[in-house]
Amino acid sequence: MKFVIMNRKDNVATAIVPLKKGEKVVVGGREIILLEDIPQGHKFAIWDINAGDFIIKYGEIIGIATRNIKAGEYVHIHNVRSRYQGAMK
């Protein structure tokens, strides 16, 4: 196992080992090609996420996408505003 999805509502997975750009992972029977290197313990999108959509991990909102994020893309502070960085609606 190379990644975990904590809750069926999640739109991100967490790498449990370092993952490489171009690597293929299967999520719910769908193949996703990683678009960037994903460091161990970091997240990647398992669905396309539109700017303004919530980032969901553990079945809970952890942030909001600041730009469109494609499935397989690294999800981190460069494309997410944390829910702890100010009020979210």
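Biologist: Which residues form a nonpolar patch on the surface?

Modeller: Met1, Ile16 and Val17 do. Together they have about 290 Å² of accessible area. Keep in mind that this is a predicted model.

Biologist: Where is isoleucine 16 found?

Modeller: Isoleucine 16 sits in the loop between strand 2 and strand 3.

Biologist: Is isoleucine 16 buried, partly exposed or exposed?

Modeller: Compare its relative accessibility with the cut-offs. Buried means under 20%, and exposed means over 50%. Isoleucine 16 has 33%, so it counts as partly exposed.

Biologist: And what do nonpolar side chains tend to do in general?

Modeller: In soluble globular proteins, they tend to be buried together. Now the case here. The largest nonpolar core has 13 residues. Val25, Ile38 and Phe44 have the most contacts inside that core.

Biologist: Which strands each supply at least two residues of this core?

Modeller: Strand 2, residues 12-15, and strand 3, residues 24-27.

Biologist: What about a second core?

Modeller: There is a separate one of 8 residues. Ala45, Ile49, Ala65 and Val75 are among them.

Biologist: Is glutamate 73 buried or exposed?

Modeller: Use the cut-off again: buried means under 20%. Glutamate 73 has 9% relative accessibility, so it counts as buried.

Biologist: Which side chain does the side chain of glutamate 73 make a polar contact with?

Modeller: That of arginine 67, at 2.7 Å. Arginine 67 lies in the loop between strand 7 (60-65) and strand 8 (74-75).

Biologist: Is arginine 67 buried or partly exposed?

Modeller: Its relative accessible area is 33%, so arginine 67 is partly exposed.

Biologist: One distance to finish. What separates the C-alpha atoms of arginine 67 and valine 12?

Modeller: They are separated by 15 Å. Along the chain, the two residues are 55 residues apart.

Notes. Residues numbered from 1 in each chain as written. Predicted model: local features only at pLDDT ≥ 70, side-chain atom pairs only at ≥ 80, totals over all residues. Heavy atoms only, no water. Core = buried A, V, L, I, M, F, W, Y, C linked by side-chain atoms within 4.5 Å. Buried < 20%, exposed > 50% of the residue type's maximum accessible area, 1.4 Å probe, protein only. Helix = DSSP H or I, 4+ residues; strand = E, 2+ residues; numbered from the N terminus. Patch = residues over 30% accessible without salt bridge, like charges linked within 9 Å, V, L, I, M, F, W, Y side chains within 5 Å. Areas by Shrake-Rupley, 256 points an atom, 1.4 Å probe, with all protein chains shown as cover. Salt bridge = Lys/Arg side-chain N within 4 Å of Asp/Glu carboxyl O. Polar contact = N/O pair within 3.5 Å; in protein donor to acceptor, adjacent residues only side chain to side chain.
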